[in-house]
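Here is a short briefing for a first look. Keep the sequence and the structure side by side as you read.

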Amino acid sequence: MKRSHANLLLLVVAVIWGSAFVAQVVGMTGVEPLTFTGIRFLLGAAIVCPFAWREWRALSAHGTQPLPGDALSVATLGVLLMLGAAFQQIGMTSTTVTNAGFLTALYVPLVPLLAWLILRTRPHWSVWPTSIGCLGGTWLLSGAQALDPVVGDAWVIASSLFWALHVLLVGRIAERMAAPFVVACGQFLVCGLISLLWAGLNETITLAGIRQASLAIAYAGVVSVGIGFTAQVIGQRYAQPADAAIILSAETVFAALFGFLLMGDRLNASGIAGCALILVCIIAVQLAPLTMAGRRSASRSDTAEAGR
């Protein structure tokens, strides 16, 4: 795949993920948050399952299939995924698509911060100003100077912590197991089953409600979880890291766009400023380390050329 084609594929992923916020809001007309989350991720698991089975058979043929102990790692990812998705879904019952899209993206600056706290990996200096900028953007987006922010915003902000922990661990686990589709299918399955179990204890599940929300559930499960994840894996195999960072961050912009077009979301001047500040910080925290690494690499190349 050409780099341009990979970038276009990742742009499609960003559009899918941004539009899925609308489906998540619409789906609440028929089912409650945990029910929606459970069915959504079980559908995603069903989509990824054929790829995971093919991957498992290929690894088995080479004697490198994941070990039984890896199941605990996948289950941990599934629990984090469930908490992130469930908190986000609960929050979306009382906040807008636009707010949810931008506030969820707070996980981006949180990842290097958590890596520093948990893994003792020193973060790039850009993490500190961008984290402060994201907090400022969140304050603006949530009303600026309001003493009683929307409860849904708080739920979505809380979900970003679990999304960040998930992002922090999923790369390490997938790299160790060398089975990204197996990891994806397993974590989706764990997330879906726990969500439905939790829903059975706390929510009222009816066939009429599921039928009413079926289109939204199908879009969020099949398109966003299943197809979106698969396309991301394929696209990032061929795209440059800087390209992927910018394009996937556009998920927040597409969430705001679809919220405006389909849900009638409107932002005041404070909200627009908050969205812009969060988006700038998200892009900066991803690109700053890549830019400096590229400059160091170019400098070493120039030094090597001069020494010849």
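L161 lies in helix α7, which covers residues 151-177. The model is predicted.

- Setting aside residues up to four places away in sequence, L161 touches L110 and L114.
- L161 and L106 are 55 residues apart along the chain, yet 8.2 Å separates their C-alpha atoms.

**Helix α5**
- Helix α5 runs from residue 107 to 118 and contains 12 residues.
- From first C-alpha to last, α5 reaches 15 Å, close to the 16 Å expected at 1.5 Å a residue.
- V108, P109, V111, L113, L114 and A115 are the buried residues of α5.
- One of them, L114, is also touched by L161.
- After α5 comes R120, which has a positive phi, near 60°.

**M92 in a loop**
- M92 sits in the loop between α3 (70-91) and α4 (97-104).
- M92 has a relative accessible area of 3%, so M92 is buried, the limit being under 20%.
- Apart from neighbours within four places in sequence, M92 is in contact with F21, Q24, V25 and A100.

Notes: Residues are numbered from 1 along each chain as its sequence is written. This is a predicted model: local features need pLDDT of at least 70, side-chain atom pairs count only at pLDDT 80 or more; totals for chains, interfaces and linings use all residues. Side-chain values use heavy atoms; hydrogens and water are left out. Helices (H or I, at least four residues) and strands (E, at least two) are DSSP runs, numbered from the N terminus. The expected span of a helix is 1.5 Å times one less than its number of residues. Buried means under 20% relative accessible area, exposed over 50%, partly exposed in between (1.4 Å probe, protein chains only). Contact means heavy atoms within 4.5 Å.
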